[in-house]
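Dear colleague,

Please find below the sequence and structure that I am handing over to you. My findings follow directly after it.

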Amino acid sequence: MFADRVFRFDSVLFFSTGIILLGGVFILFSASGGSTEIIFHQGIRIAIAIIVMLGVAQIDPDVIRRWSPAIYLVTILILMLVLAVGYVGKGAQRWLDLGLVRFQPAELMKLATPMMIAWLFANAPIPISFGRLMMALTIVVIPAGLVMVQPDLGTAVMLVISAICAVVLAGIRWRHLIILTAAVAAALPFLWSQLRDYQKDRILAMLDPWSDPLGMGYHTIQAQIAIGSAGVGGKGWFSGSQAHLDFVPERSTDFIFAVFAEEFGFVGIIVLMGAYLLVTGRCIRIAYRAQDHYCRILAGALALTFFFYVFVNVGMVSGILPVVGVPLPLISYGGTSMITLMAAFGIIMGMHRRRRLMT
Amino acid sequence: MAGPLYFPAPNATLGAAALMTVDPISDVSRHPVLGRSRLVVAVILIVTLTVVLIERLYFLQIVEHVRYRALSIENRFDLLPVPPVRGMIYDRYGEVLAENHAVYELEVVPEQVRDMASFMTWAAQSLSLTERDRKKFDKRLHGRASFERILLKSGLSEEQAARFAVNQYRFPGVALRGRLRRSYPLGHVTAHVVGYVGRIGAKDLDAKERSRYRGVAHIGKLGIESYYEGNLLGRIGYEQVETNAHGRVVRTLAREPAISGHHLHLTLDSRLQKVVRNELAGHRGAAVVLEPHTGEILAFVSVPDYDPNLFAKGIDQVSYTALLQDSNKPLLNRALYGRYAPGSTLKPILALAGLEHTIDPRRRVKCPGFFALKEGGRVYRCWRKQGHGAVNLKEALEQSCDTYFYQLGLTLGISGISEALTTFGFGKQTGIDLASEPDGLIPTALWKQRRYGTPWYPGDTLNASIGQGYILSTPLQLAAATAALANRGRLVRPHLLRGVEDPQTGEIQRPAEQVTEVQLGDASQYERVIEGMIAVMHGSQGTARRAGQRLSYRIAAKTGTSQLVSLPQAGEAAKDTPERLKDHALFIAFAPAERPRIALALVIENGGSGGKIAAPIARRIFDYYFVERLRRAALKESRYVRG
């Protein structure tokens with residue numbers, strides 16, 4: 001195809017993610033206590049992520065569609081491998097050591113699952129049959145189960161969310177969605193019993209953090225104090241007392257939003273949320289104008305999942321959701337989530353370019 | 001799955017057809033419409049959830065901002081007390097009696113220690129860490145947060161501290177901490193007068209005082225340390241610090257420095273104190289030496305004594321029990337609390353009362369060795385069986401003739417005796433600057449009626465007139481009365497404090513002297529009595545004449561024997577009486593007799609007669625004092641000449 005010779009690029013998506021990444025570096029520098037080493041590592045990660053995004057953007061969406069089942073199956077196999085020989089980090093078998101890089105295969109699953117579901121529904125007749133819905137359910141339950149065993153509740157939740165987004169965008173009947181929701185609700189007591197104790201505690205602490213202010217509620221309370229004490233303008237860069245005096249837990253990773261909120265205040269939060277909405281909106285727009293149903297489902301599902309990342313993380317840090325260990329997208333330090341996300345944006349970027357070439 | 005990893009799109013191929021059933025009424029062309037409508041739903045969802053988040057953050061940052069800001073400030077700031085440095089205690093020449101000594105403690109923050117086992121091995125070798133230390137440490141470790149500093153070993157020597165300091169880089173999480181500990185360089189010698197500090201106990205402070213002692217671990221428990229606690233303590237300071245989530249201090253924001261306690265300059269002469277203490281060593285007894293004209297106490301000794309440093313360090317139960325159960329009662333301050341019958345040491349005062357009562361000092365009383373109230377009645381012995389013959393006042397004092405004083409006592413009556421003794425300070429506190437001084441006891445007819453419900457008998461008066469019976473006095477009271485005799489009637493309050501020094505300004509405040517005139521006798525009468533007292537040391541028949549030989553100055557003195565109850569042979573120290581039933585030996589003296597510079601009272605429990613054992617000790621104390629005085633004076637002179 002002649003289109004392959006043209007560089008695929010979307011400036012709005014590129015620069016809006018770039019703004020978030022840059023802001024992220026600034027707040028990480030403060031959260032890490034001015035550690036240049038951490039900024040260096042994060043910089044490398046960002047560079048890789050941008051290269052991955054631009055690289056993935058050059059792949060023809062049709063190719064991605066055709067390879068979706070293969071990618072999905074291979075990722076399932078890797079996940080099983082992780083359970084078998086997984087590197088134990090932070091008490092959870094999430095990492096696979098590939099010598100030079102430690103790879104978190106659950107991250108790849110976040111792409112593979114919506115891809116597989118989009119593939120499944122790409123040409124599905126409407127209305128969508130219940131049988132096909134069950135197939136979609138199987139597609140998500142297997143990896144979600146594997147991830148939860150690791151145990152990584154956050155990723156499992158996000159996998160399910162991304163699958164639901166994909167299925168809804170694929171045009172599932174509302175009736176079926178209600179039945180499914182009811183089934184999940186019925187299964188909740190069972191799922192509750194399957195949770196690890198610390199996961200149960202986190203959910204209970206979310207419901208009433210002040211019942212155990214020095215125990216399980218501590219993280220939530222300190223994060224809320226950090227956010228609340230900032231006020232409109234914030235305490236200023238490097239001046240967040242809650243963060244710099246260790247009151248905010250995991251301040252470089254999962255709770256970095258509390259540091260951001262403490263130092264940049266309500267104004268900073270509005271700007272950050274605006275940037276996140278810009279990224280999401282741009283992706284939704286690309287999905288809206290997508291060339292085919294596969295692209296629409298995949299781009300829409302990835303965009304929604306990205307937004308849910310923001311929602312779950314900010315929700316848990318500000319105390320309206322349980323602490324489930326979801327990083328703040330594009331800002332939290334470490335992990336492979338940033339690369340996954342940028343790869344997702346790459347996929348979406350590729351779709352956008354393709355459509356414009358066609359018209 | 002078998003086959004190639006390449007999958008065709010499900011709509012077009014046979015493979016896909018096999019995979020899923022095709023709904024006949026399906027309409028693939030409706031995909032874009034349906035998909036786009038679902039995207040609109042998604043946008044609505046996103047906007048809704050964003051509003052929820054913003055609302056929550058608005059609530060936290062705008063609505064509840066004040067509350068959370070207060071919480072964050074509360075999190076951060078802490079007020080730490082800074083204990084003041086306790087004032088020093090010096091003797092009259094600037095010799096240190098109590099100081100603050102830096103001691104080193106080794107503390108461990110368990111979470112920071114990389115290899116506890118190797119450190120323990122090293123500490124066992126290089127710091128002589130014992131098995132017991134380790135066990136105690138393990139006990140302390142239990143139930144404490146791993147970021148807390150936990151004491152491993154206290155009382156490291158300078159050498160051990162240095163050895164650790166050079167190796168510190170090898171053991172992160174282990175820290176040396178300097179602390180000030182009270183120490184008494186003279187130890188035993190000043191134990192009973194300076195006292196000691198100890199850990200603040202539950203009963204030491206009431207709620208109001210507690211705030212003044214925040215961060216202070218020790219408080220004066222006894223002696224000067226206790227009496228002048230208010231001066232020595234100083235004022236605690238505060239540090240406002242910022243702490244992190246672990247309670248660790250990150251930085252100091254504001255500081256109100258502690259104000260050091262005031263230094264005390266005592267009247268004690270530590271060299272004399274040492275000499276007196278060494279003279280008394282091996283006995284049970286007490287001595288109080290003072291300057292009669294100022295009331296400044298030069299030596300204040302009670303033996304046996306103990307090491308106050310044990311208490312400052314924190315005495316262990318075994319040593320404490322041993323001290324408590326020692327039959328010699330080393331913890332008892334005999335100079336202050338010991339109550340003894342003063343015996344014949346009262347005779348000069350009674351003689352003075354007699355002169356006041358218009359008794360002719362030249363009148364002689366015949367002493368056959370005993371005295372009977374009535375013809376054929378009960379016989380009261382003189383200490384000398386064969387009698388003293390006919391003695392006048394001076395001779396009666398010189399030889400301590402009991403018969404003479406029986407007669408005198410009867411003339412004065414018990415009211416006369418107690419009045420005279422009271423005016424010399426007996427039976428009430430001297431007002432020394434030491435806590436809970438006892439009154440002693442001067443009996444009266446009324447007192448006996450109240451106490452025992454029996455009337456006062458003439459026999460009681462006879463006992464009182466030789467200082468026996470109900471009369472009780474402390475060595476300190478004896479010394480104060482002796483000083484009043486030396487002053488010819490000026491009773492000066494004995495005291496230990498010479499000055500309080502403000503360490504900031506260097507200014508020394510001196511306490512006001514308290515003098516009361518003794519309402520008894522005139523100058524010539526004093527000289528008559530003192531003449532008798534001089535004869536005790538220098539007369540041919542003096543009871544302490546042996547101690548008075550070859551003296552280049554004149555000592556006025558009086559011996560005394562404090563009878564222990566129910567010994568039939570009063571005053572005669574029978575050779576076969578068990579040690580603990582022997583009489584107490586007493587001695588009072590001042591010198592030079594004409595212009596006294598020094599006065600003392602001495603008690604040696606179960607020492608027998610005052611003249612034999614106590615007088616030589618007093619003589620050596622005086623000798624030392626005058627020689628040392630001359631030496632010091634000469635030293636001053638030579639400095640002056642050179643300077």
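The model is a predicted one. I begin with a helix pair that joins the two chains: helix α11 of chain A (residues 256–288) packs against helix α2 of chain B (residues 31–63) at an angle of about 180°, and their axes are 11 Å apart. Since angles over 145 degrees count as roughly antiparallel, α11(A) and α2(B) are therefore roughly antiparallel to each other. From α11(A), the residues that take part are A261(A), G265(A), F266(A), I269(A), M273(A), L277(A), T280(A), I284(A), A287(A) and Y288(A). They meet a set of residues in α2(B) that includes R36(B), L39(B), V43(B), I46(B), L53(B), L57(B), Y58(B) and I62(B). By type, the residues of this contact divide into 17 nonpolar, four polar and one charged.

The contact between the chains as a whole

In total, 47 residues of chain B are in contact with 48 residues of chain A. On the side of chain B that touches chain A, α2 and α3 (65–76) of chain B each supply at least two residues. The largest share of that side, 19 residues, comes from α2(B). The residues of the side of chain B that touches chain A comprise 26 nonpolar, 11 polar and 10 charged.

Helix α2 of chain B

With 33 residues, α2(B) reaches 46 Å from its first C-alpha to its last, which is close to the 48 Å expected at 1.5 Å a residue. Its buried residues are H31(B), G35(B), R38(B), L39(B), A42(B), I46(B), L57(B), L60(B) and Q61(B). Of these, L39(B), A42(B), I46(B), L57(B) and Q61(B) also belong to the contact with α11(A). The buried residues of α2(B) pack against α6 (153–170), α9 (218–230), α11 and α12 (293–317) of chain A, together with α3 of chain B.

The two chains in outline

Chain A contains 13 helices and three strands. Of its 359 residues, 54% count as buried. Among contacts in chain A between residues at least 6 apart in sequence, 71% join residues at least 24 apart.

Chain B has 22 helices and 23 strands. Buried residues make up 40% of its 643 residues. Where contacts in chain B have a separation of 6 or more, residues 24 or more positions apart account for 73% of them.

A five-stranded sheet in chain B

Chain B holds an open sheet of five strands in the order β12-β11-β23-β22-β21, with antiparallel pairing. At its edges stand β12 and β21 (556–562) of chain B, each with a single partner strand, so one side of each is left without a neighbour in the sheet. Neighbouring strands of this sheet are turned by 5° against each other on average, direction ignored.

Strand β11 of chain B (residues 285–290) is mostly covered, with six of its six residues buried. G285(B), A287(B) and V289(B) point one way from β11(B), whereas A286(B), V288(B) and L290(B) point the other way.

β11(B) is joined by six bridges to the antiparallel strand β12 of chain B (residues 297–303). Here L290(B) has I297(B) in β12(B) as its bridge partner. The hairpin of β11(B) and β12(B) has six residues between the strands, and G295(B) takes a positive phi near 80° in this hairpin.

Six bridges also join β11(B) to strand β23 of chain B (residues 598–604), and these strands run antiparallel. Within this pair, V289(B) stands opposite L600(B) in β23(B). Strand β22 of chain B (residues 584–591) pairs with β23(B) in the antiparallel sense over seven bridges. L600(B) in β23(B) is likewise the bridge partner of A589(B). Helix α20 of chain B (residues 475–486) packs on the sheet and touches β11, β22 and β23 of chain B, its direction making about 150° with that of β23(B).

A loop residue

Q549(B) lies in the loop between α21 (523–538) and β21 of chain B. Is Q549(B) buried or exposed? Q549(B) has 9 other C-beta atoms within 10 Å, and a residue counts as exposed at 12 or fewer, so Q549(B) is exposed. G539(B) is 10 residues from Q549(B) along the chain, and their C-alpha atoms are separated by 9.9 Å.

With kind regards

Note on methods
Residues are numbered from 1 along each chain as its sequence is written. Chains are lettered from A and ligands numbered from 1 in the order in which they are written. This is a predicted model: local features need pLDDT of at least 70, side-chain atom pairs count only at pLDDT 80 or more; totals for chains, interfaces and linings use all residues. Axes are lines fitted to C-alpha atoms, for helices over the stretch in contact, and angles run from 0 to 180 degrees between N-to-C directions. Helices (H or I, at least four residues) and strands (E, at least two) are DSSP runs, numbered from the N terminus. Angles under 35 degrees count as roughly parallel, over 145 as roughly antiparallel, 65 to 115 as roughly perpendicular and the rest as oblique. Two residues are in contact if their C-beta atoms, placed from the backbone, lie within 7 Å. Ala, Val, Leu, Ile, Met, Phe, Trp, Tyr, Cys and Pro count as nonpolar, Asp, Glu, Lys and Arg as charged, and the others, Gly among them, as polar. The expected span of a helix is 1.5 Å times one less than its number of residues. A residue is buried if 20 or more other C-beta atoms lie within 10 Å of its own, exposed if 12 or fewer, and partly exposed in between; C-beta atoms are placed from the backbone. Two strands pair if DSSP finds at least two bridges between them.
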